[in-house]
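Hello,

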Amino acid sequence: MPRLAPLPPFAALLLFCTAVGLFLTLLNRGNPWGDVGLNLGMSYLIGLGSWGLDCLLTRIGWPSTRLRIPLALLCGGGGGGLLGFLLWVRPLLDDPGQLSEAGLRIMVLVLFFSGLGFILLYTLMALAEARTQRAEDQARIERQQRELAEGRLLALQAQIEPHFLFNTLATIHGLIEARPSTAQAMLESLTDLLRSHLDRSRDASTTLGQELALVRHYLTILQLRMGERLRYTIDLPEGLKGRPLPPLLLQPLVENAIQHGLEPAPAGGELRIRAEANSGCLRIEVCDSGLGLREATEVKPGHGLGLSNVRERLVSAYGNDASLSLCERPEGGVCARLELPDV
Amino acid sequence: MSETTAILAEDEPILRQQLAKQLAELWPELAIIAEADNGERALELANRLRPDCLFLDIRMPGLSGLEVAAALAWPTQVVFITAYDQYAVPAFEHEAVDYLLKPVTSARLRQTVTRLQRRLASATPAAPLHALVEQLQAALPSTTHYLRWFKVSKGEEVRLIAVEQVNLLQAEDKYITLHTQEGAFLLRKSLTALEGELEPDAFWRISRSTIVRVAAIERAQRQLSGGYLLQVAGLAKGVKVSRAYAHLFNQS
């Protein structure tokens, strides 16, 4: 369907006023109110009055459209009507009875046509608004879809950190001749890790046991690489293994502890992962005895701690019932604590 | 001619042993006089022992390989080793310094050895590293020195609040209230002192007592007074932008 180009507002106003003036002239053909000059003049004055006041209100930054337009129509239009009445109608009539009848008549007409103009304007505005709203909705949906795709990609990149991958490959390369069975075990751990990363990013939910198995693969590899510098314990009560957990909540916390706490510490340190459930709350702690986070810890753009990502996942899975908090340990290092509703 | 000496600096023991082994096969005359598992030790050893060549891993605890190279007191032939630095590798390509990517293959290491032997034989002076290191540090994703964490006491604990968690900072008396999605935290600091530590594009001062995180602004509404009223994520009440800061929101 071809769409008509919208009229510029001022031209639309003139058109509307002309139509009203001519309509009144035709309606009153044969009586003194049928004068074309009078009807057009009054109509233009009322229209220009409303339009002028509306422009003025917009200029001074009147915030609400809903109030502005009725106000402009009533005061501006009424003012224009009064002016017309004083200019043209009053000089013609001198009988007070006739005068008040004419005044009433003009008032009714002003109210009627202002109302008509108002309804017309509102309908047009509502239509335009609906159109922009539709366009905005469309744009928002597209943006969300794009962000989702980008987010998945970023999440994937963040999981398989290139330094981790290439250093691990280099280690396997180094071990193949000297310690072939260790090389083989390490390759198996890496394979499991990569596979579960790829599968998991598509899964909606996993279990605490599975998630910690993934963490264990990661730590096995790192312990081979870092040697004495990394010690770790995982404390998971048997009964909690089957607890459901959104994927990729835990892994980023462990990677942070390694990358920011233990790897940069020349002496290395200890990582401790602990899960416990009590009174409806599942609590998982990842604590390291590493460098800790300095207030201005240098974070490379795009390589943040991934914590905002974890928080977003918490909100989408649990609303406001879950939390992630980070604390500095008095003995050095950082403790990350996840608290989830235990269902 | 005295024998050629080298120091290996790499934090992972298996990779260090592997490099030593590969070098022994390709260049039996090379004497590896020391090994270091962190940057500080590498710098100390290099300055004390003054080797002919220095193999430096870029990512090491303590000092990074680049920092070690910049701080060397004695010119030496440096070979950088990196697992993955998409920004640094192109910078290496143009320089007289060699670099190796992990895993280090024997074929590639042979090239490095040939190049080093040629340079040492012709007594080519070691390339000056300061300019290169500066260039590399600029090429690597820039690190920010802005505040990343607020440390706030909550009971017995010292909580770490990432700056991205904070939607609004409001000064009251001697404290600043940090409004986050998880609640409010008190910080003992002055707003003006803090303003200088926050990333200027991410946080805007909007009145004498308020700083807002730009990404947390949901809506800005112009007021008759000439200021603005902001809807900020996580806050039910609107936040006023005083006229002095309204220019931040004015169009064009």
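Let's begin in chain B, where strand β8(B) is joined by three bridges to strand β12 (residues 210-213) of chain B, the two running antiparallel. If you want one pair to look for, Q170(B) has T210(B) in β12(B) as its bridge partner. Before we go on, please keep in mind that this is a predicted model.

Strand β8 covers residues 166-172 of chain B, and it also pairs with strand β9 (residues 175-180) of chain B, again in the antiparallel sense, over six bridges.

Which strands make it up, and in what order? It is an open sheet of seven strands, ordered β2(A)-β4(A)-β5(A)-β7(A)-β6(A)-β7(B)-β6(B), and its pairing is mixed. At the edges are β2 (230-235) of chain A and β6 of chain B, each of which pairs on one side only. On average, neighbouring strands in this sheet are turned by 25° against each other, direction ignored.

The place where the chains join is worth a look. Strand β6 (residues 323-328) of chain A and β7(B) run antiparallel and are joined by three bridges. You can find L326(A) opposite L160(B) in β7(B). Within chain B, six bridges join β6(B) to β7(B), also antiparallel, and there V152(B) stands opposite R159(B).

Two helices of chain A lie across strands of that chain. Helix α7 (residues 208-226) lies across β2, β4 (269-278) and β5 (281-288) of chain A, and runs at about 165° to β2(A). Helix α8 (residues 250-262) lies across β2, β4, β5, β6 and β7 (334-341) of chain A, at about 20° to β5(A).

Next, the interface as a whole. How many residues of each chain are in contact with the other? The count is 36 residues of chain B and 41 residues of chain A. Together the two chains bury about 3,800 Å², with 58% of this on carbon and sulfur atoms. On the chain B side, I14(B), R59(B) and W149(B) lose the most area to chain A, together 18% of what that side buries.

There are also nine residue pairs in polar contact between the chains. The elements of chain B that give two or more residues to this side are α1 (13-26), β6 (149-154) and β7 (157-162). The largest share, six residues, comes from α1(B). By type, the chain B side divides into 15 nonpolar, ten polar and eleven charged residues.

Finally, the charged pairs. Side chains of opposite charge can pair when their charged atoms come close. Over all chains there are 24 salt bridges, and six are found across the interface of chain B and chain A. R337(A), for example, forms a salt bridge with E157(B), with the closest N and O atoms 2.6 Å apart. Inside chain A, E285(A) forms a salt bridge with R274(A), where the closest N and O atoms are 2.7 Å apart. This pair connects strand β5 of chain A, which holds E285(A), with strand β4 of chain A, which holds R274(A), and the two residues are eleven residues apart.

Enjoy exploring, and write back with any questions!

Best wishes

Technical notes
Residues numbered from 1 in each chain as written. Chains lettered and ligands numbered in written order. Predicted model: local features only at pLDDT ≥ 70, side-chain atom pairs only at ≥ 80, totals over all residues. Heavy atoms only, no water. Contact = heavy atoms within 4.5 Å. Buried area = accessible area lost by both parts, 1.4 Å probe. Salt bridge = Lys/Arg side-chain N within 4 Å of Asp/Glu carboxyl O. Polar contact = N/O pair within 3.5 Å; in protein donor to acceptor, adjacent residues only side chain to side chain. Helix = DSSP H or I, 4+ residues; strand = E, 2+ residues; numbered from the N terminus. Nonpolar A, V, L, I, M, F, W, Y, C, P; charged D, E, K, R; others polar. Pairing = 2+ DSSP bridges. Axes fitted to C-alpha atoms, helices over the stretch in contact; angles between N-to-C directions.
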